[in-house]
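Visitor: Hi, could you walk me through this one?
Guide: Happy to, let's bring it up.

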Amino acid sequence: MTATWKQRLIEVEVGAVAHGGHCVARHEGRVIFVRHALPGERVRVRITEDTGGSFCRGDAVEVLQASPDRVEPPCPFAGPGRCGGCDWQHASWQAQRELKAAVVSEQLRRLAKLDWEVIVEDLPGGPEDWRTRLRMAVGPDGRAGFRAHRSHQVIPVDGCVIAAPGALDGVVDRTWPPKSELVVTRDAGAQVHLTEIGPPMLRRGRPVPGPARRRRGSGTATELAAHRAWNVRADGFWQVHPAAADTLAAAVRDWADCGPGERAWDLYGGVGLFASVLAEQVGVTGSVAVVESSVRAVEDGRANLSDLPQVHWHPGRTEAVLETPGFADLPPDVVVLDPPRKGAGRAVVAAIARGRPTRVVYVACDPAALARDIAAFAHHGYELAQLRAFDAFPMTHHVECVALLRPVR
């Protein structure tokens with residue numbers, strides 16, 4: 001067995017960016033996934049993980065030859081061994097978008113066999129002060145912070161450069177019960193909602209989250225998107241960038257392009273953001289079927305869209321609802337789907353393709369999952385027609401994509 005490289009210092013030349021917030025380097029026949037580096041740099045890497053095999057992981061702890069895209073991280077908690085929330089604070093904002101574009105292109109090429117030029121569009125507001133929803137951990141000393149990369153270690157912080165202004169006031173300057181978690185939301189009205197989740201408890205031998213206690217705000221966040229005001233649970237799902245929901249809704253509106261009387265599916269529909277757009281297009285003579293597994297999201301969605309009788313809710317897991325007898329008796333003209341990070345998967349793709357919709361609008365938060373599902377759609381006779389990518393998560397490696405798929409002519 002090869003001796004472990006863990007904690008070893010290795011000098012390498014950094015290669016291309018890879019999916020996940022790191023770059024690829026090679027040394028003695030092995031791949032090293034390097035964080036805190038940029039393509040073309042020469043750095044010293046400290047190996048942080050090595051379980052044997054063909055690759056290991058490391059942090060660039062010294063830059064010997066810097067990229068022209070390198071900048072000084074604006075956050076004192078960014079860097080090797082520190083907060084794991086941001087991946088690219090050491091890169092200029094333009095370079096961050098170029099890195100993300102390269103990742104999306106590489107995933108499409110490798111997993112979907114497509115050569116596609118990608119441009120990542122910025123959202124208003126710049127790379128700082130944008131994150132409106134945060135989940136924080138509390139360390140043994142009672143201080144709130146964020147976990148280190150691929151670690152349970154809590155890094156206490158006294159601020160966060162990507163957090164929306166005022167979101168962490170009264171949160172990071174006091175102590176909390178150790179091992180608890182904090183869910184912080186700053187809504188469109190600048191109201192801050194704070195929920196404390198107690199330390200994990202054992203139930204039937206398994207750890208479960210402790211009791212949740214509201215510490216600030218009403219617990220109902222007011223958000224603005226798609227020409228509507230939304231009242232949603234502050235600790236539920238909503239886009240974390242203040243401009244993201246409206247931007248994605250506009251992209252879906254353009255590419256769904258439903259006509260009056262048409263039928264649409266909104267899969268993984270959440271509280272109905274995209275359903276509201278589709279409902280406007282199909283009108284009262286059309287229909288929008290929303291499929292969503294979260295009971296709480298369905299409750300919020302029904303309340304927010306009660307003025308749209310053409311919207312019909314189908315609670316349950318998407319793959320199960322699509323196989324429910326009678327659900328697909330009237331095939332959709334258009335399908336919109338916004339699956340979780342793992343993607344939709346072959347079964348859902350096959351069920352969508354059986355209905356032969358003329359347009360499929362796929363909203364994706366993970367480029368690898370998107371590429372895999374595009375490949376699955378190709379197997380059923382659909383091709384990628386258009387794609388947009390948005391920097392909805394500046395400073396991190398995450399990128400939001402919207403893809404339009406059509407039947408192959």
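**Contacts, size and strands**

Guide: In the protein, 61% of the contacts with a separation of 6 or more are between residues 24 or more positions apart, where contact means heavy atoms within 4.5 Å.

Visitor: What kind of model is it, though?
Guide: A predicted one: local features need pLDDT of at least 70, side-chain atom pairs count only at pLDDT 80 or more, and totals for chains, interfaces and linings use all residues. Residues are numbered from 1 along each chain as its sequence is written, and side-chain values use heavy atoms, leaving out hydrogens and water.

Visitor: Why does the radius of gyration agree with a compact globule?
Guide: Because a compact globule of 409 residues would have a value near 22 Å, and the protein has 23 Å. That radius is taken over C-alpha atoms, and the globule rule is 2.2 Å times the number of residues to the power 0.38.

Visitor: And how much of the protein is buried?
Guide: Buried residues are 52% of the 409; buried means under 20% relative accessible area with a 1.4 Å probe, protein chains only.

Visitor: Switching topic, how many helices and strands?
Guide: Seven helices and 24 strands, as DSSP runs: helices are H or I with at least four residues, strands E with at least two.

Visitor: Which order do the strands of the six-stranded open sheet take?
Guide: The order is β1-β5-β6-β4-β3-β2, with mixed pairing; two strands pair if DSSP finds at least two bridges between them.

Visitor: How do β3 and β4 pair?
Guide: Strand β3 (residues 22-27) runs antiparallel to β4 (residues 30-35), with five bridges. A25 has I32 in β4 as its bridge partner.

Definitions and conventions: Buried < 20%, exposed > 50% of the residue type's maximum accessible area, 1.4 Å probe, protein only.
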